[in-house]
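Dear colleague,

Please find below the structure that I am handing over to you. My notes on what was found in it follow directly after.

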Amino acid sequence: MNKDLPYSFSVPSSWYDGFYKDEGNTVKASRPFTLLHEDKSRKAALLIHGFTGYPGEMVRPGEDLYEKGFDVFVPRLPGHGTTGKDFIKSNKKDWIGVAEKALISLEKEYESVSVVGHSMGGAIVAVLLSRHSEIKSAVLCCPGIELSAMNEKTLKAVSFISHFVKRMKQKWQSDPRFHMHYEDAPDDDQYLGSEYWSYAYPKQIMSLMDIAKEAKEGLEKIKSPVLIIGAEKDVLTSPDSIYSIAKTIGESAETLMVKDATHYVYYDISQEAEEKAVEATVSFLSNREA
């Protein structure tokens, strides 16, 4: 995180009206943030993080987009980045709702709005694209539209369990090889891991799958220019799905497969992979503004 940039750790509170209000506090990594030019830009970039994710994951593309002249907005989705108890109380309606309300708000203030989504955020952006043809351009990074582990048998099991179990313990440990770009990275990573990534949340997984389904069903409606970024070593989403997604969207879609990249490509183990993904994101959106 470049502390010389004009970070403000908030977004308009009105974006959250009508949706789940978190009871827990956010750690530094989870704070929503904006990067605004002193002379207001005519173009805005809205960045949406992923499932059990947090705004700090979007620091790299956010900073680079700001340097290219965008005013940048990164909301925190309800239930994320606070406590597992909050996460249990949030769902698809809250996550898509806040993202869409943010988009509509920004479209009233800026000449053009571009959007970037990572993982579930990519699926949410796909939903927004199918509903809002006025979006200038978009990047879907490792979009959570076709999830590797979610076959029909697994889905049925998760759906059944969701009626009885709020969360289930699962193995997780921090991996220091990833490049964390937010403040207090080690402490925040451990805390978020203990609250979110150390558990599976069946009802929230079903919400995730509902978003993926809606995103997939709406692909043919997308007309805005879209870049779909895949990660060669992604084990959470199907890397090759970027090609089928692009084919369904049609001629307005482009693809990029990033070599040696993991699902977490915006702060990846491979610095080269991270740079390629961020550079492609910024270049694609910037060129559509020319």
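Glu23 counts as exposed, because its relative accessibility is 61% and the cut-off for that class is over 50%. Please bear in mind that this is a predicted model. The side chain of Glu23 meets that of Lys89 in a salt bridge, at 3.5 Å from N to O. Glu23 lies in the loop between β1 and β2 and Lys89 in helix α2, so this pair ties together parts that are 66 residues apart in sequence. Lys89 itself is partly exposed, with a relative accessible area of 44%.

The structure holds 16 salt bridges. Another of them joins Arg76 and Asp22, whose closest N and O atoms are 2.9 Å apart. This pair also links distant parts of the chain, 54 residues apart: Asp22 is in the loop between β1 (7-8) and β2, and Arg76 is in the loop between β4 (71-74) and α2. Arg76 is buried, its relative accessible area being 11%.

A further salt bridge is found between Arg60 and Asp64 (3.1 Å, N to O). These two residues are separated by about one helical turn, because they are 4 residues apart in helix α1 (residues 59-67). Arg60 is buried, with a relative accessible area of 11%, whereas Asp64 counts as partly exposed at 25% relative accessibility. Both belong to a network of salt bridges that also includes Glu274 and Glu275.

Helix α7 (residues 202-217) has 16 residues, which should span 22 Å at 1.5 Å a residue; its end C-alpha atoms are 23 Å apart, which agrees. The buried residues of α7 include Pro202, Met206, Leu208 and Ile211. Elements against which the buried residues of α7 pack include α3 (92-109), α4 (120-131) and α5 (152-161).

Finally, on the surface, Val235, Leu236 and Tyr264 form a nonpolar patch with about 270 Å² of accessible area together. Leu236 is found in the loop between β9 (226-231) and α8 (241-249) and counts as partly exposed, at 39% relative accessibility.

With kind regards

Methods
Residues numbered from 1 in each chain as written. Predicted model: local features only at pLDDT ≥ 70, side-chain atom pairs only at ≥ 80, totals over all residues. Heavy atoms only, no water. Patch = residues over 30% accessible without salt bridge, like charges linked within 9 Å, V, L, I, M, F, W, Y side chains within 5 Å. Areas by Shrake-Rupley, 256 points an atom, 1.4 Å probe, with all protein chains shown as cover. Salt bridge = Lys/Arg side-chain N within 4 Å of Asp/Glu carboxyl O. Buried < 20%, exposed > 50% of the residue type's maximum accessible area, 1.4 Å probe, protein only. Expected span 1.5 Å × (residues − 1). Contact = heavy atoms within 4.5 Å.
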